Amino acid sequence: MYNKIVTARDELVRIGSLLLQNMYHENFITLFVDNSFDISLSDLACLYLYNPVIPNQNELVLHYSRGNCMAVKSIPSDSELVVFLNESKEAVILSRAGTACFSELLLCQEMQSGIALNIGLESQQFGVFILNSLHANHYTQEQFEFLNKLCTLAGGMFNYWLQRKKIKNKGIRYE
Amino acid sequence: MNEIFEFIRSLPPLLLFLGGGSVFFIIIFCLWRVIAFKRIKKILKSFNKDPDLTKTVLLNKYGAGALLRRSSIIEQQARILGLKLIRLIGMDTLWIGQLLKKKTRKHLLRVLEFAPDKGLFSCFFVCLKKRYLFIYFKKWLEKSTGGGLKLGNIAHSCRGERFDGKAGLALCNDKVDELRELTGDVEWNVRYFAINMLLHEKSIRVLRALWDSLTDPQPLIREIVITHFKPQEKEKFYNVLFQTVCDDPVYQVRARAWDRIQKEYRDLYHLEPRNFSAEQAFHILELLRPDNKQEQNFALTFLDHSNLELRFAAAQYLEKCGILNKLFLEVDFSDMQIFERNFSLLKKASEVNVTSFLACIANTQNRASLTIASSILVETGDVDFISILTRKVFAIYDGGKEMEQLYRATVRCVAERGTEEALFFYKYELEKRRMQKQVMSILLQMVPARAGFILYDILFAYFLQPFFEPKEQLRMALKKMPVPKVLSRCLEIIRAKQGRYQHIIRIEALKLLGELNLHYCLEIVLEHLPQLPLAEARTYSAVFSQYPRELVAAKIKKLFNTNDNRLRAALVTILPQIGHKELQQLVRDSLTDMDPDVRIASVWALVEFDDLKALNAAFEILRDPVKRVREQAAEAFGKAGSNANLDRLKNIVLDADEAADVKLAAIKGLACSGALKAIDVLLSLLDKCDDYTKQIIQALSAKKQTEELMHLIEGFRNGSPKQRQGVIAVIEQSGQAVEEPMLELLKQSTHSLKPYIAELLENTGLIESTIRKLKDRNPNIRQHAADILSLIGTHKAYRGLVFAARDPHEEVRVAVVKALERLNSEEGKLILKELRQDPDKKVRRYTVWALEKLKIKV
């Protein structure tokens with residue numbers, strides 16, 4: 001148990017410093033998603049973001065994804081999952097497919113479990129990060145806590161990254 | 001002959017008299033007629049010489065009825081003198097009017113003879129009503145034009161009068177082609193005449209002309225076509241109608257088109273606000289009908305529109321159909337969402353001056369409605385409603401918190417826009433509430449200056465009551481009253497003989513006089529300053545910042561040289577506010593004054609001057625022989641707050657040889673200090689001075705600012721057992737006073753002190769009292785309690801929260817679910833399983849979330 005905690009902490013520090021170093025680079029998002037994907041041994045990781053230039057948008061657009069499955073390109077901002085995340089400021093875990101609630105969390109039919117995490121600050125939401133696995137009960141308490149902390153850590157960095165993007169491009173262009 | 005005379009003689013005298021009288025009158029009448037005939041003939045004959053004079057004389061002597069009665073003589077003369085006479089004296093108009101009224105052949109022929117240009121259409125119009133006249137009309141036309149019936153002539157004399165086109169077409173059914181040609185005439189009246197008749201013709205060529213007429217430049221033509229045209233292509237016609245409703249610039253045309261849609265195409269239209277431009281939406285809003293739900297909803301979407309034109313049209317419509325009244329009356333504080341929504345909509349309506357819904361206040365006691373009315377009437381709306389509102393609200397206000405907002409808003413309404421009647425209500429309210437300090441405070445704060453003639457007497461009556469509260473607000477109110485009256489009364493009180501007025505009233509009069517800011521009264525105010533207690537003089541000294549500095553300084557210098565100790569002490573107290581550097585030396589010198597009050601005032605003045613150098617030099621004053629000087633000096637040193645001072649105060653407490661009184665003064669000084677270091681000093685003293693623990697805890701209890709509390713909590717985290725115990729005692733002692741700021745600290749969830757704050761809050765009994773609030777009947781209080789417990793987040797708090805699992809308020813149950821997830825207990829899981837069947841979707845969603853999270857917890 002001790003080793004596990006130490007490893008999780010070490011990983012958090014490693015990824016945190018890596019993200020910090022690349023906070024102003026284009027590959028910041030890639031680093032964040034890829035590392036989360038690898039550490040959690042997920043089968044799909046998708047980062048959905050609001051466009052910071054347009055206020056009151058009605059959808060979050062897929063910004064970067066990793067995994068073999070084709071995820072949806074956008075999620076409506078009034079979907080049950082997004083509303084819950086915004087309102088509760090909590091992360092959501094789904095251990096098994098088939099429940100009526102939070103089914104949007106599984107981005108492909110073959111996915112069996114998943115985690116949805118808020119990306120943002122206390123006062124502002126930038127997007128949602130979703131991880132899926134092909135196996136039921138894939139995610140453990142440690143993985144959940146780790147990802148939750150990583151997203152909290154990355155929230156501030158996202159703020160800087162998006163601000164810089166905003167100034168540079170006067171709006172993010174989604175493909 | 002004799003027989004006739006005999007017969008007459010045999011008649012009774014009365015009959016004879018009557019008969020004779022009748023004959024006499026008939027002769028007189030005939031004579032009068034002959035004279036009148038000759039007179040008018042004479043006037044008419046003068047027409048050739050001077051037509052204008054003839055007209056003036058004729059019209060002065062004869063009215064319309066008299067002229068009409070003399071039509072035959074005028075006709076005769078017109079035949080001799082020409083038709084110009086008829087036009088000049090306006091007989092053509094009179095005859096046309098008579099023709100339209102009587103509709104006889106005689107009148108028809110008269111008009112045709114003497115006013116053919118002007119009256120042709122009227123003749124045609126009469127023929128439509130009396131068809132037999134058409135023969136004469138047609139004959140005359142044939143004769144006058146030398147050919148057949150020329151409709152163009154009739155059309156030209158038409159001026160857009162309404163007439164029965166169907167009947168017209170029936171008279172001229174052989175003239176359809178001519179009518180069709182007339183539809184292309186450049187004169188609108190001609191086109192109107194033709195189209196009005198052709199509307200009842202069904203031939204294809206005519207239909208085309210009618211379709212074209214839907215876009216005729218003359219609105220009257222568009223209007224009649226829209227009203228009477230009945231084409232086969234229903235959908236095409238509906239589209240034209242709807243387009244007309246949206247885009248036609250003339251209201252009457254749009255209204256006719258809308259009528260037609262409502263009558264025949266009601267099932268075809270659907271109003272979707274997004275589909276219309278601003279102008280189109282405005283046109284539609286003008287025409288909406290009061291009884292249609294869909295149209296009401298359409299209008300409601302525009303009530304909060306940023307375009308004021310649209311908002312105005314929507315508000316007018318909603319006012320007409322009573323929706324605004326409904327929005328106004330159907331509000332309740334138990335559903336704040338609806339209240340806020342309705343309030344916002346009504347406010348928007350009031351911004352475009354649609355406020356008649358406020359009249360409903362006369363028939364309602366609904367507090368929510370009255371609250372809305374009061375908020376709107378402050379800015380706009382009929383001022384007469386303010387009187388009604390005032391009467392109602394002043395009658396029902398019970399002094400409770402729930403109605404305070406309504407009461408304040410109503411008082412503001414009266415103050416800002418109230419009528420004289422409302423101001424009298426204000427006066428009665430001032431009389432009625434004289435024993436309720438809070439209410440008086442509201443009333444006095446908002447006393448309007450313009451109500452001086454009504455309120456002055458009652459306000460001054462209160463001013464003379466020694467125990468009246470609130471005094472400050474009363475002075476503020478009196479400042480708004482007529483200055484000559486207030487000034488003379490203040491001077492009278494200040495200068496009155498001892499015993500006439502109580503001291504407290506004198507003080508108030510002096511304060512009021514100073515606050516009036518009358519420079520010519522400065523000497524009086526300064527000379528009477530000793531009447532104020534020193535502490536009060538210190539707060540009062542701010543008044544002098546409004547006076548010219550040099551003037552105040554010069555007067556103080558002069559007064560300082562007098563022998564009066566009380567005056568010197570009072571002057572020293574106000575010096576810092578004046579901020580004159582030259583006067584600072586006076587303060588330093590006064591530290592060694594014989595009078596204790598002067599010494600106290602000097603210490604405080606140095607603190608306020610921020611003259612730390614002089615203050616440090618005067619530290620010995622802590623050992624002053626007079627106790628109150630020592631105490632006040634310690635307090636002053638504490639407030640001055642330099643680190644060196646605080647250390648010196650600490651050393652005094654630790655000094656074994658120091659007198660107890662001085663030590664207590666030093667602790668008091670530390671309590672008064674605003675510096676965070678004072679907390680450190682007091683905490684360190686907790687370890688070292690067991691004899692003064694109680695006083696130190698009391699001193700620490702004075703620290704209630706958020707920053708101070710945070711420092712105290714840090715002291716708790718890092719402190720020794722004694723210090724930790726001391727902080728717990730401080731929190732216990734402070735109780736409710738520190739709960740709010742500590743909860744605020746707790747909300748900063750990232751703060752590392754969170755567990756310590758929670759631990760301390762457990763000691764204040766906050767958790768138990770909050771758990772009790774979970775049973776309150778007010779759902780807002782229950783939800784607030786649940787939020788607090790979630791925030792504290794200790795095991796004890798979560799356990800308390802679980803009791804509310806069956807709360808009817810969904811937000812409370814959501815908080816329970818979150819608590820159960822944190823607790824992660826077996827019994828919690830059972831409750832969660834129950835909550836999975838909760839009727840509220842939100843609660844079920846949170847329950848699933850919690851259960852899923854618990855699955856991964858070991």
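Chain B is built from 54 helices and zero strands. Keep in mind as you look around that this is a predicted model. Chain A brings in both kinds of element, with four helices and six strands, and the two chains touch through 13 residues from chain A and nine residues from chain B.

**Chain B overall**
- Of the 858 residues in chain B, 36% are buried.
- Take the chain B contacts between residues at least 6 apart in sequence: 65% of them join residues at least 24 apart.

**A helix to look at in chain B**
- Helix α53 of chain B covers residues 826-835, and its buried residues are B:Gly828, B:Leu832 and B:Leu835.
- Looking down the axis of α53(B), you will find these buried residues within an arc of 55 degrees, so they line one face of the helix.
- The other side of α53(B) carries the exposed residues B:Glu826, B:Glu827, B:Leu830, B:Lys833 and B:Glu834.

**Chain A overall**
- Reading from the N terminus, the order of elements in chain A is α-α-β-β-β-α-β-β-β-α.
- Chain A has 175 residues, and 34% of them count as buried.
- For chain A contacts between residues at least 6 apart in sequence, 56% link residues at least 24 apart.

**Where the chains meet**
- Chain B gives nine residues to the contact, and chain A gives 13 residues.
- On the chain B side that touches chain A, there are five charged residues, four nonpolar residues and no polar ones.

Note on methods:
Residues are numbered from 1 along each chain as its sequence is written. Chains are lettered from A and ligands numbered from 1 in the order in which they are written. This is a predicted model: local features need pLDDT of at least 70, side-chain atom pairs count only at pLDDT 80 or more; totals for chains, interfaces and linings use all residues. Two residues are in contact if their C-beta atoms, placed from the backbone, lie within 7 Å. Ala, Val, Leu, Ile, Met, Phe, Trp, Tyr, Cys and Pro count as nonpolar, Asp, Glu, Lys and Arg as charged, and the others, Gly among them, as polar. Helices (H or I, at least four residues) and strands (E, at least two) are DSSP runs, numbered from the N terminus. A residue is buried if 20 or more other C-beta atoms lie within 10 Å of its own, exposed if 12 or fewer, and partly exposed in between; C-beta atoms are placed from the backbone. The arc is that of the directions from the helix axis to the C-beta atoms.
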